[in-house]
Amino acid sequence: MIVTIDGPAGTGKSTAAKRLAAALGFEYLDTGAMYRAVAALCLEAEVELNSLAAAELARTSSITFQSGRTMARGMDVTEFLRSPEVTRAASIVAQHPEVRAALVARQRELAGVLNFVCEGRDQGTVVFPQAECKFFLTASPEERAKRRMDELALCGKHVSFEEMLTQQRERDERDLNRDVAPLRPANDAIVIDTTAISLEEVLKRLEAEVRRRL
Ligand code: C5P
């Protein structure tokens with residue numbers, strides 16, 4: 001069974017997806033980490049972000065997840081992936097159709113055999129249109145920026161609310177308006193506005209919906 005969870009940043013997607021997978025005994029795939037890993041490799045190799053060279057890196061580089069760490073070309077890039085440079089760069093590499101094609105192929109390969117919760121922007125629309133259970137999480141831009149700000153503060157990184165909101169707007173714009181696989185809920189996705197509800201409540205709702213389909 002494949003469960004997809006899509007939506008913009010700051011909706012609680014990652015935490016919800018991870019916890020849902022654990023509760024169900026499913027595997028978890030963070031597709032954002034794959035775009036971030038390609039962005040990190042481009043920055044490291046000084047390769048232009050929205051380019052064929054970036055697509056070549058996406059096609060040929062090993063990107064693996066082991067015990068909560070992300071390895072790209074044998075390097076542990078886990079911390080670097082959450083940096084503001086990589087966050088911004090990921091939404092630029094993600095605009096390139098061939099970068100997307102390379103990563104979509106890997107995502108289908110990875111989640112092809114076992115039960116998976118796949119999290120991203122296009123999992124229910126493009127990568128797994130046949131998924132048995134699809135969710136799309138939303139929240140107000142202000143609430144999302146506040147959550148991201150609090151998350152960064154926990155790792156000792158302090159960004160002002162206004163700056164967070166500006167960075168987020170820029171990233172949303174790119175994700176919503178790109179030509180290939182723009183951020184959209186699938187027609188058959190269950191849309192949940194998480195602005196005013198707790199993570200526990202979101203989880204309860206997600207788990208109940210999946211269990212109804214098992
Ligand atoms: O989810 P996360 O914030 O880690 O994703 C980083 C960036 O990767 C997003 O802003 C988006 O541009 C891109 N992405 C994507 N498709 C996915 C997952 C992430 O385009 N399935």
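**View 1. Polar contacts between the ligand and arginine side chains**. In this predicted model, an oxygen atom of the ligand is 2.8 Å from an N or O atom in the side chain of R100, where a polar contact is a pair of N or O atoms within 3.5 Å; within protein, one must be able to donate a hydrogen and the other to accept it, and residues adjacent in sequence count only if both atoms are side-chain atoms. A polar side-chain atom of R121 lies 2.9 Å from a ligand oxygen, and for R178 the corresponding distance is 3.0 Å. The protein covers 97% of the 460 Å² of accessible area that the ligand has on its own (Shrake-Rupley method with a 1.4 Å probe).

**View 2. The shell of residues around the ligand**. Of the 16 residues around the ligand (a heavy atom within 4 Å), R36, R100, D122, R171 and D175 come nearest. By class, the shell has eight charged residues, five polar and three nonpolar (Asp, Glu, Lys and Arg count as charged; Ala, Val, Leu, Ile, Met, Phe, Trp, Tyr, Cys and Pro as nonpolar; the others, Gly among them, as polar). The largest share, four residues, comes from α2, a helix being a DSSP run (H or I) of at least four residues and a strand one (E) of at least two, numbered from the N terminus.

**View 3. The salt bridge between R100 and D122**. The closest N and O atoms of R100 and D122 are 2.8 Å apart, and a salt bridge is a side-chain nitrogen of Lys or Arg within 4 Å of a carboxyl oxygen of Asp or Glu. The pair links distant parts of the chain, 22 residues apart, with R100 in helix α6 (residues 97-110) and D122 in the loop between β6 (116-120) and α7 (123-127). A search of the whole structure finds 20 salt bridges.

**Notes.** Residues are numbered from 1 along each chain as its sequence is written, and side-chain values use heavy atoms, with hydrogens and water left out. In this predicted model, local features need pLDDT of at least 70 and side-chain atom pairs count only at pLDDT 80 or more, whereas totals for chains, interfaces and linings use all residues.
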